[in-house]
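Dear colleague,

I am passing on the structure we spoke about, with the sequence alongside. Please have a look at it first; my notes on what was found follow below.

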Amino acid sequence: MTETDSNNALSYSEGAKLPSNAPNWAIAASERLKKRREEGHKSSCNPPPNVKKVLLHSCCAPCSGAMVEEMCSSDKLDQVVVFFYNPNIHPRLEYEIRKEENKRFCEKLGIEFVDCDYDPENWYSRMKGMEFDPERGRRCTECFDMRMERCALYAHENGFDAIATTNATSRWKDAKQVDGSGYRAAARYEGLQYWCQNWQSDEMTLRKYEISAKERFYKQEYCGCSYSLRDSNEWRKANMIPKIKIGGDTAGLGDRYFSDPLVDAAEESQDVVDEFFSQAYEIAKTAGNDVMKRKEALKVYKDRRKAEKTDGVVNGLNNW
């Protein structure tokens, strides 16, 4: 980035010291990050050729932290702008919480934040007929397409070289599905590229949770849309787990704010994520859009809580 921009950008900081009982993946990732800093390599960013201006679509502050850090620490870029367009988020209160937190984070760093329209009516119209699709199904593809198309249009109209999205950082998302939407959106405009990179590496995951804990970001308990909220609460009810709470200082389950990078990262472990989606697909295949059959299918999971510890605390349900 330019000298002026870099003065306001997020510093490539050390991060929290890991405890002695940290898992091997975190220790290895921490050592790689430390070595990178010692060697003077601030960023692992590898933007596409001839890319200097990037429009970064952001779904929320927690997913944007490490990605913003990588991009703003790169000497290969001149400008990074965060673009918030997420008409899928429901209800409006949850939308405002996520947007305002993302906006405050960007203001703190001196990064431009573009607040796009909230048009849930168009989102629901586009999702019609896919109300009971499982997470990572057709509905999610359409949702990614809709958001990336709007991002690409703004990028084209305002002279950006590339678009990217923080959706690609979350292990709750299918990276190929997310990237596919990005490539299709960018292909609409000559000269616009989609920036594809492995944003789900152990290093990126550790930094994401270190930054989230440092900033005490709001920990959302579901992906965002009303269908995700419905399905998550149905699953919780079947497992006798408190329903999701929107806003406030108390979550339906676990902590409301990020506070411990390793505990938070454990909620997004690959095992937890794989089990969740395996169950989601099984229910969708068994019951389809039949509400009664879906409720019956959910009973199967009454005693199969995800990642349950011996102390009874259930992980992996409140960290999207």
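Predicted model: local features only at pLDDT ≥ 70, side-chain atom pairs only at ≥ 80, totals over all residues.

Among the aromatic side chains themselves, twelve pairs are counted, and ring pairs link Phe 84, Tyr 95, Phe 113 and Tyr 118 into a cluster.

Turning to the sheet, you will find that it is open and made of five strands in the order 3-2-1-4-5, with parallel pairing. Strand 3 (113–115) and strand 5 (193–194) stand at the edges with a single partner strand each, so that one side of each has no neighbour in the sheet. Strand 2 (residues 79–84) is joined to strand 3 by three bridges, and here Val 82 stands opposite Phe 113, a residue that also belongs to the aromatic cluster mentioned above. Strand 1 and strand 4 pair over four bridges, with Thr 165 of strand 4 as the bridge partner of His 57, while strand 4 and strand 5 are paired over two bridges, where Ala 162 faces Gln 193 of strand 5.

In strand 4, Ala 162 and Ala 164 point one way whereas Ile 163 and Thr 165 point the other way, and all of them are buried. Helix 3 (residues 61–72) lies across strand 1 (53–57), strand 2 and strand 4 (162–165), and runs at about 180° to strand 1.

The loop between strand 4 and helix 7 (175–186) holds Asn 167, which counts as buried because its relative accessible area is 4%, under the 20% cut-off. Leaving aside residues up to four places away in sequence, Asn 167 touches His 57, Cys 59, Phe 144, Arg 147, Lys 173 and Val 178.

Finally, the axes of helix 6 (residues 138–157) and helix 7 come within 8 Å and cross at roughly 40°, and the crossing is right-handed. Residues that make this contact include Cys 140, Thr 141, Phe 144 and Asp 145 from helix 6, and Gln 177, Val 178, Ser 181 and Gly 182 from helix 7. Of these, Phe 144 and Val 178 are also among the residues touched by Asn 167.

Technical notes: Residues numbered from 1 in each chain as written. Heavy atoms only, no water. Pairing = 2+ DSSP bridges. Contact = heavy atoms within 4.5 Å. Axes fitted to C-alpha atoms, helices over the stretch in contact; angles between N-to-C directions. Buried < 20%, exposed > 50% of the residue type's maximum accessible area, 1.4 Å probe, protein only. Phe/Tyr/Trp six-rings, centres within 6.5 Å; stacked < 30°, edge-to-face > 60°. Left-handed = near helix turned anticlockwise from the far one by under 90°.
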